[in-house]
Amino acid sequence: MSKRGRFLLILVILAVCFGFLWDSITWYARTPKEEQSLALGSLEKIKDYATAKAVEDVSILKSSVRADESAAVAENFAWLVKVARKNYKQMDEAAPATMTVKDVLASFSSEQELLSVIQARYRDKILADKKRYNNSVKLGLDLSGGMNIIVKADLATALSSYGDAVTSLNEAQFKSEAMTQAIETLTSRIDRFGLSDPVIRQQGEDRIYIEIPGAAEADSINTIIMGKGILNFRLVDDDATAAFNAYYRQNPTNTFTASGALINPSIIPSDAEVLGLYTKDDYGLDERIGYIVVKKEIALDGQHIKSAEVSANNITNEPEVDFVLDGKGAEIFGDFTTAHKGENLAIVSDNKIKSYARINDAITGGRVAISGFGLEEARNLQKVLQTAWLNVPLSVESQQVIGASLGEQAIKQSVFAIAVGLVSVFIFMLVYYKGAGLNAIVAQILNFYMMFSILSAFNLTLTVSSVAGMILTIGMAVDANVIIFERIKEELRQGKSRAAAISAGFDNALWAIMDSNITTFIAAVFLSQLGTGSIQGFAVSLAIGVVSSVFTALIVSRLMFDFGTDVMKKNYMSISWRVK
């Protein structure tokens, strides 16, 4: 590769690495601790915070107008002026040249609209921070503190509970889908209970690994994990629903107790109960949009659902959800829909009504199609139906709590170890190799820069074992430079010029460097695949370091030598106390 080609390659790689690192830099260096705390909270907490701040801001704006109708818009609300001008434009009205708080409020059709706009601003800011965190290098529990849990899924019990419904041919698919849905269910539960953003992934065939940063109570975690997701179909009592909603509109504050139970159960039939109708809000959370009265008797249990998928109606091309029932489920559903034509059927998950539809005809044969909603809602319903058959017993196999103080101590020790290692190597290279040692120092700094950018690019987690891999990489990275420098010194002893010695030195050192690093890389790959936990973190860090150190030693260091020769017109080499 030509010198210009190497230079352009280095510039491109450095720019790409900076792009990978930008989220990490912004998160750790430019995001205040308070905003980090909000972003690391659950979606429920983010929603509560954004709603509370929006209510507070609306109250401030209204109070400002009451105190002075010509009050100017404060600097922290300047962004609302732009929104107000757009509102006036949509209303085909001329916006005032100088916007007051009263003018801003007048541009909104209702207080609820203003509240939604302000809430969206807070929400988008926090969710942007959360996305930035997800794209940055994360600290493992041994550095940040928190709790890790290993949950075992009893797939054998789940299989036996379905009997002949699962054959030996689709047993592997059943296990795979069961684990996928168990992970999704746990993720939903943990977030709903207001815990920090968790890391949840499958470990092996039947185990789930959970990391929860920050402080979390072990008892509440176990309660969440041991809970069961239940899905079933219930008949809607339309008359009771209409009567209840009329009663609720007249008595909105004294219909339910604080725990959600009816204060006066007699307002609905004894064989029915009131459940909330939910949809997904802008946070991806369940939002109640109304109440429906359903029969307590379950028409069809969700475990009879074999599969679910989203498709388009052949005639209207509108989204619909198709699901297939097993033999027993098809018989139950056929008899039920025959007896209840013209009535509504609700899909209930975790005591929440996720959707309901009218039974137009008897549904026999075990294949059911539900329509009447948009594509996003159809996909959400598909996920609900796919979890219907999930009946996998979960148990906590191991649980470990790591204090934040231990994490802080580990960070300090890790930073100290890296700093001591780097400084020691820098001093040795400068003393022993003189001017050429500067090349090794620059290469080492770029090596770390590239390592962290790769960690950030792949959203990898930095642990104490990862730091150990980095420290080992310090020695390996300088080893490549030592081989090159010694080869160059041999060429200089033979009386070759600077340019010839550099060229021959790099050529002769190439395969020695490649051989040693390739064998190390292979070992690191096997460790990352076969190892777990700290071993895997060490191996991944080592593998990344091997690749980046080879690049910096062969490409960056070579370009620096060539720069001295071609641009600075140097004829001598500062590489040894005995060789010129």
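Trainee: Is the crossing of helix 15 and helix 16 left-handed or right-handed?

Mentor: The crossing of helix 15 and helix 16 is right-handed. A crossing is left-handed if the near helix is turned anticlockwise from the far one by less than a right angle, and right-handed if clockwise. Bear in mind that this is a predicted model, where local features need pLDDT of at least 70, side-chain atom pairs count only at pLDDT 80 or more, and totals for chains, interfaces and linings use all residues. Residues are numbered from 1 along each chain as its sequence is written, and side-chain values use heavy atoms, with hydrogens and water left out.

Trainee: What makes helix 15 and helix 16 oblique to each other?

Mentor: The axes of helix 15 (residues 436–457) and helix 16 (residues 464–493) cross at roughly 140 degrees and come within 10 Å. Axes are lines fitted to C-alpha atoms, for helices over the stretch in contact, with angles from 0 to 180 degrees between N-to-C directions. Angles under 35 degrees count as roughly parallel, over 145 as roughly antiparallel, 65 to 115 as roughly perpendicular and the rest as oblique. Helix 15 and helix 16 are therefore oblique.

Trainee: Why are helix 16 and helix 17 called roughly antiparallel?

Mentor: Their axes cross at roughly 150 degrees and come within 8 Å. The angle falls in the antiparallel class, so helix 16 and helix 17 are roughly antiparallel to each other. Their crossing is right-handed. Among the residues that meet are Met-476 and Arg-487 in helix 16, and Ala-501 and Phe-506 in helix 17. This contact has 13 nonpolar, 4 polar and 2 charged residues.

Trainee: How do you know how many helices and strands there are?

Mentor: Helices (H or I, at least four residues) and strands (E, at least two) are DSSP runs, numbered from the N terminus. The protein chain has 18 helices and 14 strands.

Trainee: Why does Gly-41 count as buried?

Mentor: Buried means under 20% relative accessible area, exposed over 50%, partly exposed in between (1.4 Å probe, protein chains only). Gly-41 has 6% relative accessibility, so Gly-41 is buried. Gly-41 sits in the loop between helix 2 (33–39) and helix 3 (43–67). Of the 580 residues of the protein chain, 44% count as buried.

Trainee: What makes the pair of Phe-244 and Tyr-291 edge-to-face?

Mentor: The structure holds 16 aromatic pairs. In this pair the ring centres are 5.8 Å apart and the planes lie at 75 degrees, so the pair is edge-to-face. Rings of Phe, Tyr and Trp (its six-membered ring) pair if their centres lie within 6.5 Å; planes under 30 degrees apart count as stacked, over 60 as edge-to-face and the rest as tilted. Both Phe-244 and Tyr-291 are buried.

Trainee: Why is the pair of Phe-506 and Phe-561 called edge-to-face?

Mentor: The centres are 6.1 Å apart and the planes stand at 70 degrees, so this pair is edge-to-face. Phe-506 lies in helix 17 (residues 498–530) and Phe-561 in helix 18 (residues 533–566), so the pair ties together parts 55 residues apart in sequence. Phe-506 counts as buried at 4% relative accessibility.

Key:
Contact means heavy atoms within 4.5 Å. Ala, Val, Leu, Ile, Met, Phe, Trp, Tyr, Cys and Pro count as nonpolar, Asp, Glu, Lys and Arg as charged, and the others, Gly among them, as polar.
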